[in-house]
Amino acid sequence: MDVTLATSLDEFFHEVVTDALSVIDLPASEPASWYLVSLLGEMSRTRLTDEPLGVKLAAAANDPGERVRTLKQVGDTSLYVAGFFAESLNRSLVDVDYYVGLGQNAYAQLARSLGGQRTIGDVYEELAANFPGFVDVLAEVRKRTDLATADIGKLYEIWLRTRDTWIEKKLRALGVLVDGGKVIQ
């Protein structure tokens, strides 16, 4: 991704999400891609809590409005955590699959409860149906926006595992030449 000036956070995230959707090859609807943009903007201003999401999902209130808010929060937080913090989850008691299951469940319940409101209900249905793909999209967004990662050794290890062309470009930009699996600095 080239560095360009964005006039707003939403514009920046829209460009990055659009690129990530293309790289992951996930045919998302326009409302779903804008939902991801909105989610990223919201998460840039929100602090994650330590409250267990599984407990929160199980205890979703009977009040319809409160239930919708809780389901949305569980789905959004699960998607964000699974996409942005997958590597740190490997050292945790719960893994990415836990968050994928929670998020899919929350979005599916949300879609059912908003059945009469087709547009937003359709978005939640799409998020539930393609949750692992959207996790991959957010992981790609993280990779593209993590400008502070200059740990060449870590980047190289990731590149060795994935052979990701974007990471290869980043390694080249940092002055490391990657040629046929050899690194010359």
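This is a working chat about the predicted model shown above.

Colleague: How many helices and strands does the chain have?

Modeller: The chain has 10 helices and two strands. In sequence order the pattern is α-α-α-α-α-α-α-α-α-α-β-β.

Colleague: What does the chain average in pLDDT?

Modeller: The average pLDDT is 83, and 86% of the residues score at least 70.

Colleague: Which element has the lowest mean pLDDT, and which the highest?

Modeller: Strand β2, residues 182–184, has the lowest mean at 55. Helix α2, residues 30–45, has the highest at 94. Where pLDDT is low, the predicted coordinates should not be read in detail.

Colleague: Fine. What share of the residues is buried?

Modeller: Buried residues make up 38% of the 185 in the chain.

Colleague: And the contacts, how much of them comes from residues 24 or more positions apart?

Modeller: Counting contacts with a separation of 6 or more, 62% are between residues 24 or more positions apart.

Colleague: Let's go inside. How many residues are in the largest nonpolar core, and which have the most contacts there?

Modeller: The largest nonpolar core has 41 residues, and L79 and Y107 have the most contacts inside it. Helices α1, α2, α3, α4, α6, α7 and α8 each supply at least two of its residues. Another core lies apart from it, with six residues, among them L155, W159, W166 and I167.

Colleague: Back to L79. What is it in contact with, leaving aside neighbours within four places in sequence?

Modeller: L79 is in contact with L36, L39, Y107, F131, F134, V135 and L138.

Colleague: At what angle do the axes of α2 and α4 cross?

Modeller: They cross at roughly 85° and come within 11 Å. An angle from 65 to 115 degrees counts as roughly perpendicular, so α2 is roughly perpendicular to α4.

Colleague: New topic, aromatics. How many aromatic pairs are there in the whole structure?

Modeller: A search of the whole structure finds eight. One of them is Y98 with Y99: the ring centres are 5.2 Å apart and the planes are at 85°, so the pair is edge-to-face.

Colleague: Is Y99 buried or exposed?

Modeller: Y99 is buried, with a relative accessible area of 14%. Y98 is partly exposed, at 31%.

Colleague: And Y107 with F131, how far apart are the ring centres?

Modeller: The centres are 5.9 Å apart and the planes are at 50°, so this pair is tilted. Y107 lies in helix α6 and F131 in helix α8, so the pair ties together parts that are 24 residues apart in sequence.

Colleague: Are those two buried or exposed?

Modeller: Y107 is buried, with a relative accessible area of 0%. F131 also counts as buried, at 0%.

Colleague: Which residues do ring pairs link into a cluster?

Modeller: The cluster consists of Y35, Y107, Y124 and F131.

Colleague: Now a couple of threonines. Where is T145 found, and what does it touch?

Modeller: T145 is found in helix α8. Not counting residues up to four places away in sequence, T145 touches F12, V16 and F84. The C-alpha atoms of T145 and V16 are separated by 8.0 Å, although the two residues are 129 residues apart along the chain. T145 is partly exposed, with a relative accessible area of 24%.

Colleague: And T70, buried or exposed?

Modeller: T70 is buried, with a relative accessible area of 8%. T70 is found in helix α4. Not counting residues up to four places away in sequence, it touches K56 and A60.

Colleague: Last one. What is phi of D25?

Modeller: Phi of D25 is near 60°, a positive value in a residue other than glycine. D25 is found in the loop between α1 and α2.

Colleague: Is D25 buried or exposed?

Modeller: D25 is exposed, with a relative accessible area of 64%.

Definitions and conventions:
Residues are numbered from 1 along each chain as its sequence is written. This is a predicted model: local features need pLDDT of at least 70, side-chain atom pairs count only at pLDDT 80 or more; totals for chains, interfaces and linings use all residues. Side-chain values use heavy atoms; hydrogens and water are left out. pLDDT is the predictor's confidence in each residue, from 0 to 100. Helices (H or I, at least four residues) and strands (E, at least two) are DSSP runs, numbered from the N terminus. Buried means under 20% relative accessible area, exposed over 50%, partly exposed in between (1.4 Å probe, protein chains only). A nonpolar core is a set of buried Ala, Val, Leu, Ile, Met, Phe, Trp, Tyr and Cys residues joined through side-chain atoms within 4.5 Å. Contact means heavy atoms within 4.5 Å. Rings of Phe, Tyr and Trp (its six-membered ring) pair if their centres lie within 6.5 Å; planes under 30 degrees apart count as stacked, over 60 as edge-to-face and the rest as tilted. Axes are lines fitted to C-alpha atoms, for helices over the stretch in contact, and angles run from 0 to 180 degrees between N-to-C directions. Angles under 35 degrees count as roughly parallel, over 145 as roughly antiparallel, 65 to 115 as roughly perpendicular and the rest as oblique.
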